[in-house]
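Dear colleague,

Please find below the structure that I am handing over to you. A summary of the findings follows it.

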Amino acid sequence: QVQLVESGGGLVQPGGSLRLSCAASGSISRNYVMGWFRQAPGKQREWVASMTTGGTTGYPDSVNGRFTISKDSARNAVALQMNSLAPEDTGIYYCFYRVLYVMESSNVWGQGTQVTVSS
């Protein structure tokens, strides 16, 4: 079984930066995708970034060019560098892990970390 621990949220002014980290532990597959979804109050959960063990990254248009996902210094961990933050980026950020190349696969979720962008 896989567990996720994420960190790095906080309060930042518009235009500022934050770095989130997410570390996976347990029975980790050779092939998986990790990343983040976020959920703002009153809104649906929104995908914000992902990276596969093969090195493929992806972002929606809302964060493309501002957010960068990469391998973190810890083993089986990813980092999300968030620059040029805006109030619209406020929300709870949930790290996820999903095994690839398996038909019956579902997400494992981190505990969530609050990101607040405000003056």
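Which residues does Val-78 touch, not counting residues up to four places away in sequence? In this predicted model, Val-78 touches Leu-20, Ser-21, Cys-22, Met-34, Trp-36, Met-51, Ile-69, Ser-70 and Asp-72. Val-78 lies in strand 8, residues 77–82, and counts as buried because its relative accessibility is 4%, against a cut-off of under 20%.

One of these contacts, Ser-21, stands opposite Ser-7. Strand 1 (residues 2–7) and strand 3 (residues 18–26) run antiparallel and are joined by six bridges.

The whole structure contains four aromatic pairs. Among them, Phe-37 and Phe-96 are edge-to-face, because their ring centres are 5.3 Å apart and their planes stand at 65 degrees. Phe-37 belongs to strand 4 and Phe-96 to strand 9, so this pair ties together parts 59 residues apart in sequence. Both residues, Phe-37 and Phe-96, are buried. Phe-96 also pairs with Trp-109; here the centres are 6.1 Å apart and the planes at 55 degrees, so the pair is tilted. Trp-109 counts as partly exposed, at 34% relative accessibility.

Finally, the charged end of Arg-45 sits over the ring of Trp-109, 4.8 Å from its centre, and over the ring of Tyr-94, 4.2 Å from its centre.

Yours sincerely

Notes:
Residues are numbered from 1 along each chain as its sequence is written. This is a predicted model: local features need pLDDT of at least 70, side-chain atom pairs count only at pLDDT 80 or more; totals for chains, interfaces and linings use all residues. Side-chain values use heavy atoms; hydrogens and water are left out. Helices (H or I, at least four residues) and strands (E, at least two) are DSSP runs, numbered from the N terminus. Buried means under 20% relative accessible area, exposed over 50%, partly exposed in between (1.4 Å probe, protein chains only). Contact means heavy atoms within 4.5 Å. Two strands pair if DSSP finds at least two bridges between them. Rings of Phe, Tyr and Trp (its six-membered ring) pair if their centres lie within 6.5 Å; planes under 30 degrees apart count as stacked, over 60 as edge-to-face and the rest as tilted. A charge sits over a ring if NZ of Lys or CZ of Arg is within 6 Å of the ring centre and within 35 degrees of the ring normal.
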